[in-house]
Amino acid sequence: MECTDYDTLMPTLLVTHQDCIAHEPGRGHPEAPGRLSAVLDIFREAEFAGLIRLEAPMGRKTDIALVHEPSFVSTVLAAVPATGHAALDADTILSPGSGSAALRAVGAVTAAVDAVVAGTARNGFCAVRPPGHHAEPGHAMGFCLFNSIAIAARHAQTAHGLKRVAIVDFDVHHGNGTQTVVESDPSLFFASSHQYPLYPGTGAAGETGLGNVVNAPLAAGSDGKIFRHAFETRILPALDDFAPEFVLVSAGFDAHRADPLAGLELEEADFAWVTTRLMEAAQRHCGGKLVSVLEGGYDLRALAGSAAAHVTALMGKA
Ligand SMILES: [Zn+2]
C-alpha cells in the first residue's frame with residue numbers, strides 16, 4: 001500500500017443502531033450500555049466526519065441460521081423478558097431490549113459486508129453490542145447471544161459467492177464460538193491472539209482445526225511488542241497463505257492495559273498497528289475488503305480511545 005492515496009479512495013463505513021444500547025445485562029455487569037455510548041461519542045468528533053454512517057438493519061433469521069441451530073434462535077428470542085432480566089447463563093443476561101440489540105448486531109455486520117462487496121465503502125466498523133465471538137452454534141455464552149462475525153462470514157459466502165473468508169480476532173479472550181464454526185471448514189480461516197490461560201479456556205496453540213486455525217496465546221503481562229511479534233511471525237503469514245477473499249475482524253479492545261477483565265498490556269497504538277497490518281493483508285488479497293465488529297473492551301476510556309485508533313487506521317489516517 002506504499003503508494004495508496006487514501007483521499008482518492010472510498011470512505012470507511014460506521015454501522016450502529018440505538019437498539020444496541022437498549023440491551024441491559026444489569027447493574028454492575030461489565031458489558032454495559034455505556035460501552036457503546038462511549039464509542040459513539042468519540043465518533044462525533046470532527047476527525048471522523050468523513051465516515052459514512054449506516055443504521056443497522058435487523059439481522060435476518062436466515063442468516064443467523066447459517067451458524068446457529070434454528071431452535072436456538074427461537075429459544076433466545078423467546079427468552080427475552082417483557083420486564084426485568086432473564087439469565088441464559090451466569091453472565092449472559094437478557095433484558096427487554098436484548099433481542100433487538102442482538103438482531104441489529106447481526107444486521108450491522110451483514111450490511112457492512114454487503115456495502116464493502118458492492119464497493120460503496122472501502123471497509124467498515126460495526127459499533128454494536130452484545131458481542132458475539134463466544135456464542136456457540138447451540139448456546140449463548142460469555143455475554144454473547146449470536147455469533148455476528150461467524151454469521152457475517154457465512155453471509156459473505158452464501159450471498160456473495162466468496163470462497164475463502166478469514167476471521168481475525170484480537171479480543172483478549174479466545175473466540176471459542178467462532179473457532180467452532182471454522183475448525184471443520186477449510187473455506188474459512190480463524191486466527192486469534194488472546195491472553196491464555198483465561199476465559200473461556202480454549203485457544204491453545206495446538207488447536208489448529210484443519211490447518212485453518214491459528215491460535216496465538218499470550219501470557220498475562222504480555223505487551224505490544226509480544227503481541228506484534230505474534231502477528232508478524234504466526235498470524236499474518238498464515239493469513240497470507242490462506243489468501244482470503246474477505247477479511248473479517250473481531251475487534252475487542254480488552255487487551256488494553258487499562259482493561260479490568262484481563263491482564264495484557266496493549267495501548268491504542270497497538271490496535272492501530274494491527275489494524276493497518278490487517279488492511280495491508282486485505283489489500284494484497286482482496287482489494288482491501290475488510291469489516292470489523294466490536295467485541296469486548298470494558299474500561300470506557302480505553303475502549304473509546306482504542307476504537308478511535310482502530311477506525312482512524314481503517315480511514316487510512318493512522
Ligand atoms: Zn473479550
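Which residues does S148 touch, not counting residues up to four places away in sequence? The answer is in point 4, after some notes on the model.

1. Basis. This is a predicted model, in which local features need pLDDT of at least 70 and side-chain atom pairs count only at pLDDT 80 or more, while totals for chains, interfaces and linings use all residues. Residues are numbered from 1 along each chain as its sequence is written, and side-chain values use heavy atoms, with hydrogens and water left out.

2. Zinc site. D171 (OD), D171 (OD), H173 (ND1) and D254 (OD) coordinate the zinc ion at 2.0 to 2.8 Å. Donors here are N, O and S atoms within 2.8 Å of the metal (3.2 Å for Na, K and Ca); water is not among the atoms, so sites may look incomplete. Along the chain, the donors are spaced as D-x1-H-x80-D. D171 is in the loop between β6 (165-169) and α6 (176-182), and D254 is in the loop between β9 (246-251) and α8 (268-286), so that the pair, 83 residues apart, links distant parts of the chain. Helices (H or I, at least four residues) and strands (E, at least two) are DSSP runs, numbered from the N terminus. D171 and D254 are both buried, that is, under 20% relative accessible area, with exposed meaning over 50% and partly exposed in between (1.4 Å probe, protein chains only).

3. Helix pair. Helix α1 (residues 33-42) and helix α9 (residues 300-314) have axes that come within 9 Å and cross at roughly 45 degrees. That angle makes α1 oblique to α9; angles under 35 degrees count as roughly parallel, over 145 as roughly antiparallel, 65 to 115 as roughly perpendicular and the rest as oblique. The axes are lines fitted to C-alpha atoms, for helices over the stretch in contact, and angles run from 0 to 180 degrees between N-to-C directions. On the α1 side, G34, R35, A38, V39 and I42 meet L300, L303, A304, G305, A307 and A308 of α9. Contact means heavy atoms within 4.5 Å.

4. S148. This residue lies in helix α5 (residues 148-160) and counts as buried because its relative accessibility is 3%. Not counting residues up to four places away in sequence, S148 touches A105, V106, V109 and G132.

5. L103. Helix α4 (residues 98-118) holds L103, which counts as buried at 11% relative accessibility. Among the residues that L103 touches, not counting those up to four places away in sequence, are P57, M58 and F146. L103 and L145 are 42 residues apart in sequence, and 9.4 Å apart in space from C-alpha to C-alpha.
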